[in-house]
Amino acid sequence: MAKCEKILIAGFSGAGKSSLLWELKRSSPDQEWFFDDLDQLILKGHKARDISQLVQTNGWEKFRLWERQSLEGWLKEEGKGVLALGGGALSQVVLDLFKPSRKIKFCYLDAPFEDCWNRLQGKGTEARPLINLGKDRLSEIYQDRQRIYQQIDWVLENPQGTHLEALALSFWQMIALS
């Protein structure tokens, strides 16, 4: 199938990365792939129930360190895997470090800010620490991160109402063509 071994799904908080990940797992064309969510790996590793708890207790700086360590550990695992990154896990440093690798590919799940905001307002918002910053500040962060996301070659559009099955099909087609 694909020449790459690891695929990192990036996108803003509320873009649908975790939902896409589980649909990819369900629809995988072969059993060689493994699937993980970076936030879930961090929670498991620190025995916490949600990201807000970790950030409140330890601060963003410590959380971002754990995020980077978890990502680097995951990339060292054997086999072909897909990882949904946390909304802020992709920095310019991470992109510059891993993008040149032929074995690591990035997929940007692009959703309009208003759609992300609406999703963040829905169920489970207590686990989303960025929501506390408010809509205006979150919009600024979204715009700032666009400079990083625009450097990613593989883009999946995910406006409100997109079916996960269609996104997963597009994803697997991109992988087959790589």
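Leu97 is partly exposed, with a relative accessible area of 45%; here buried means under 20% relative accessible area, exposed over 50%, and partly exposed in between, computed with a 1.4 Å probe on protein chains only. The model is a predicted one, in which local features need pLDDT of at least 70 and side-chain atom pairs count only at pLDDT 80 or more, while totals for chains, interfaces and linings use all residues. Residues are numbered from 1 along each chain as its sequence is written, and side-chain values use heavy atoms, with hydrogens and water left out.

Leu97 belongs to helix α5 (residues 92–98). Helices (H or I, at least four residues) and strands (E, at least two) are DSSP runs, numbered from the N terminus. Not counting residues up to four places away in sequence, Leu97 touches Arg68 and Glu72, where contact means heavy atoms within 4.5 Å. Tyr149 is 52 residues from Leu97 in sequence, and the two C-alpha atoms are 15 Å apart in space.

Helix α8 (residues 164–177) has 14 residues, which at 1.5 Å a residue should span 20 Å; the end C-alpha atoms are 20 Å apart, in agreement. The expected span is 1.5 Å times one less than the number of residues in the helix. Buried in α8 are Leu167, Ala168, Phe171, Trp172, Met174 and Ile175. Viewed down the axis of α8, these buried residues fall within an arc of 155°, so they line one face of the helix. The arc is that of the directions from the helix axis to the C-beta atoms. Leu169 and Leu177 are exposed on the other side of α8.

What do the buried residues of α8 pack against? Their partners are β1 (6–10), α1 (17–27), β2 (33–37), β3 (80–84), β4 (104–110) and β5 (154–157). In α1, the buried residues are Lys17, Leu20, Leu21, Glu23 and Leu24, and the buried residues of α1 pack against β1, β2, β3, β4, β5 and α8.

The contact between the two helices joins Ser19, Leu20, Glu23, Leu24, Arg26 and Ser27 in α1 to Leu164, Glu165, Leu167, Ala168, Phe171 and Trp172 in α8. α1 passes α8 in a right-handed crossing. A crossing is left-handed if the near helix is turned anticlockwise from the far one by less than a right angle, and right-handed if clockwise.

**Helix pairs**

Axes are lines fitted to C-alpha atoms, for helices over the stretch in contact, and angles run from 0 to 180 degrees between N-to-C directions.

| Helix pair | Angle | Axis separation |
|---|---|---|
| α1 and α8 | about 70° | 9 Å |
| α2 and α4 | about 105° | 10 Å |
| α6 and α7 | about 130° | 11 Å |

Angles under 35 degrees count as roughly parallel, over 145 as roughly antiparallel, 65 to 115 as roughly perpendicular and the rest as oblique. α1 and α8 are therefore roughly perpendicular to each other, and α2 and α4 are roughly perpendicular to each other as well. Between α2 and α4, the contact is made by Leu38, Asp39, Leu41 and Ile42 of α2 and Phe63, Trp66, Glu67, Ser70, Leu71 and Trp74 of α4.

Helix α6 (residues 113–121) and helix α7 (residues 135–149) pack at an angle of about 130°, which makes α6 oblique to α7. Phe113, Glu114, Trp117 and Leu120 of α6 meet Lys135, Leu138, Ser139 and Tyr142 of α7. The crossing of α6 and α7 is right-handed.

Phe63, Trp66, Glu67, Leu71, Trp74 and Leu75 are the buried residues of α4. They cover an arc of only 165° around the axis, which puts them on the same side of α4.

Gly45 lies in helix α2 (residues 38–45) and, at 53% relative accessibility, counts as exposed. The C-alpha atoms of Gly45 and Ser70 are separated by 8.7 Å, although the residues are 25 apart along the chain. Lys47 is found in the loop between α2 and α3 (51–58). Lys47 is not a glycine, yet has a positive phi of about 50°; at 78% relative accessibility, Lys47 counts as exposed.

**Tyr108 in strand β4**

Tyr108 is placed in strand β4 and is buried, with a relative accessible area of 4%. Leaving aside neighbours within four places in sequence, Tyr108 is in contact with Ala10, Gly11, Gln146, Tyr149, Ile152, Trp154, Val155 and Leu156. Gln151 is 43 residues from Tyr108 in sequence and 9.2 Å away in space, C-alpha to C-alpha.
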